[in-house]
Every structure is written in C-alpha cells, then in structure tokens.
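Please open the model in your viewer and keep the selection panel at hand.

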Amino acid sequence: MWTGVSLVIFFGALFVAVQWYTGVRKLPVLSREKTAKIEQPPSVSIIVAARNEETTIYRAVSKMLDQLYPEIEVIVVDDRSTDRTSTYLHELKAKHHQRRKLKIIQIETLPPGWLGKNHALYRGTQHAAGEWYVFMDADVMMEKNTLWRSVHYCLRHNLDHFALVPENIGGTLPYRAFHSYWGILGIWNFIQLKHAGIGAFNMVKANVYEQIGTHGALKMSPDDDLKLGKRIVEKGYRQQLGFGTGLLRIQWYDSLKATAQGLEKNLFAFMRYRLSYVLVFSVLIFCTHVLPFIGIWGREPAASFLFAATLIIYFTMYAYNRQITGESIVYFFWMPVNGLFFISCLIRSAFKALKTKQVDWRGTSYSLRELRKRL
C-alpha cells in the first residue's frame, strides 16, 4: 500500500518541481537586470492604502518620496485610521512639499459593498495623474532606484503590468522558515495559474487599469492584487512577475502567531469559501509536504526510497530558491512543521468564518454571505 502512495506522491512532487523550476527561471531578478537612460520617462503615481500603519508609514512613504525617478507623485489614502498614521503623513507632507508631490486622501466612512483596501486604492486612482500606477502596501521599503529599474524593465519589454515579489526581512526563525515555504508555494501557484499580482508592488498602466474595470470590478475580493492580475491577462495585456530581491523589502509578519492571525482573513477566500475545498487541500498538503518526512522511516524499502527521492526534490527546490532570494536551505527541514502550520491556519480561517458568518479584515467585519455572493 505505502509503495503505491509514495509513488503517487513522488510523481506529484516531480510534476510540481518541474513546473516551478521551468517557470521560475523565466522570472527576472530586477536588481540583476541591465538599465539604461529613459529619454522621456512616463509619469508614475504610487498609490498606498493605509489603515493604522503608524509603525511603518513614515519610513515607507519617505522611501517612496526619495526615489531617484523624476516624474513621480505619492498618494496615500488614510482609510479610517485611529492611530497616528495621519499625523505622520502630514509631517511628511510639510517636509517634502517643495520637492515632491505627496497627496493625502482621508476616508471617514466605507461605502456598502466594498472592502476597505479595495475602496481606498480606487479612491487613490481618482486623484492620480500618472501614466502608470503602482499599488503598494504601507509597510514596503524601497531602494532609491527601484522605480527607475521597474519603469525601464516595463518599457524595454513592452509590459502593461509588472508585479514584484518583495524580499522578506526580520521576524523570528520559525516565521522566516514559514515565509520561505509560503514563498515557494506562492510562486508555484502564480506559475500554474498563469497570472499574478502582488499587493506589495503592482505596477500597471493607467489606461489598462481603466480598461479592466478598475477596483470597481473587485469591490469584495480579499485577494484584489491577484484578481487584478487575472483580469489584466484575461483582457490580453502583457504581464510579468519578477523578484524584487535587494530593491523591495517587507516584514510581512514577525512571528507565527501574527502570521496565523493575518492569514485568517484570506485563506478561506482562496478556497472560494467552500469547506470541501479546505478539507481536500488540507489532505493534499499533509500527504505531499508532511507524510514524506514520516514515510522514509517505514518498513517498505521501496516506499522509503520513493519518499526519500521526494525529499531530495524538495531540497533541490529550496537550494535553487536560495540563489534568488538568499533564504537559507536549512528552512527545508522546517517543511513538515510548516505544512502542519499551514493546514491549521486554513482550518482556523474556515472555522472562524463559518462560526461567526463573517470575515474580519483591518478592523472591519464583512458578511460571509455577501463575500460569497461577490465571487
């Protein structure tokens, strides 16, 4: 029995690994790409949705304003913040008013039928004058030449949408190990979906954004960044996903506890709010990411060999990922723990939503019935 199971898992892992490796080799590491002078640089509007971001907003927006790119404005939409986010933004505006444009949009109420972040980004575009929009999170740290490199890459490759995966910084060792696991899994997901979107850095032509229906077409999508990318591809526009290693940094969370709390809001959404999907996906994760670490100690030599071969495949993926992201190969040994943790987050997300009949996100509660209706 175990030999048959291990054979299926081995070929499943091999298929995913080949698909991941083939796809990831086509993704540029932006910091390693050649750049050149842009004769007529297009204007760019960086648009940020911020809600209670006092710990990161000043530094993050400062780095946006310090970009070497000439034609830039930064629009920060303060979405009903109750902390000192607004105070820090106005301090920045006073500091930079002679050098760079910083627009601060205050939102006091959330209209019905919208998620807060989606509405904030949409409102930001209504005040934007750029030929390109860059949607960013309020805790992303940019190097000074990030925008130059991004615009140059888009123009050189005739792109309509460019999404960048940020480099992870900080956090506890268990958190960093999970982030590495989550990153490899996420990139494979983008590759097999054939579309991508990253909330930390989604760069899109302004006219293309209008053509795909703006965030108005994504009002109740917790995964608005991914859905934005999907609509761009469906409309026939050119899209590219890349790595922002060395140029774009973020501390996603700082611990596994914070990660679990953060994933509550969107994991069930990825499962289309269906419990059956949660159960099937949980079984798949256990069989492919946890069971091989147990199976190598079994009594069937053939099964042990195949489970060991599966682990070698995973180790090779982590080794190649290190060349791109710089993340330690040692994180491979955390894989079964991360698999179990991911399953627990998935089940927790579904259980909480089904129990309360709502999803809590950024201090606002949304009806599960309404979210399902808007899929």
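Begin by selecting Gly23, Lys26, Leu27, Phe190, Ile191, Lys194, His195, Ala196, Val233, Gln239, Gln240 and Leu241, which line the second largest pocket. A pocket here is an open set of points on a 1 Å grid over the protein atoms alone, with protein on both sides within 12 Å along at least five of seven lines, and lining residues have an atom within 4 Å of a point. The model is predicted: local features need pLDDT of at least 70 and side-chain atom pairs count only at pLDDT 80 or more, whereas totals for chains, interfaces and linings use all residues. Residues are numbered from 1 along each chain as its sequence is written, and side-chain values use heavy atoms, with hydrogens and water left out.

The volume of this second largest pocket is about 250 Å³, a volume being the space filled by probe spheres set on the points, with grid points joined across faces, edges and corners. Colour the lining by class to find six nonpolar, four polar and two charged residues; Ala, Val, Leu, Ile, Met, Phe, Trp, Tyr, Cys and Pro count as nonpolar, Asp, Glu, Lys and Arg as charged, and the others, Gly among them, as polar. Helix 6 (173–193) and strand 9 (239–243) each supply at least two lining residues, and strand 9 gives the largest share, three residues. Helices (H or I, at least four residues) and strands (E, at least two) are DSSP runs, numbered from the N terminus.

Next, select Lys117, Leu121, Phe135, Met136, Asp137, Ile198, Gly199, Asn202, His215, Asp224, Asp225 and Leu228, the lining of the largest cavity. A cavity is a set of points where a 1.4 Å probe fits but cannot get out. The search of the whole structure finds one cavity of 30 Å³ or more, and the volume of the largest is about 70 Å³. Helix 4 (116–125), strand 4 (132–137) and helix 8 (224–234) each contribute at least two residues to its lining, which comprises five nonpolar, three polar and four charged residues.

Now display the open sheet of three strands, ordered 5-10-7 with mixed pairing; two strands pair if DSSP finds at least two bridges between them. Strand 5 (140–142) and strand 7 (167–168) stand at the edges with a single partner strand each, so one side of each has no neighbour in the sheet. Strand 5 runs antiparallel to strand 10 (residues 248–250), joined to it by three bridges. To end, centre on valine 140, which stands opposite isoleucine 250 in strand 10.
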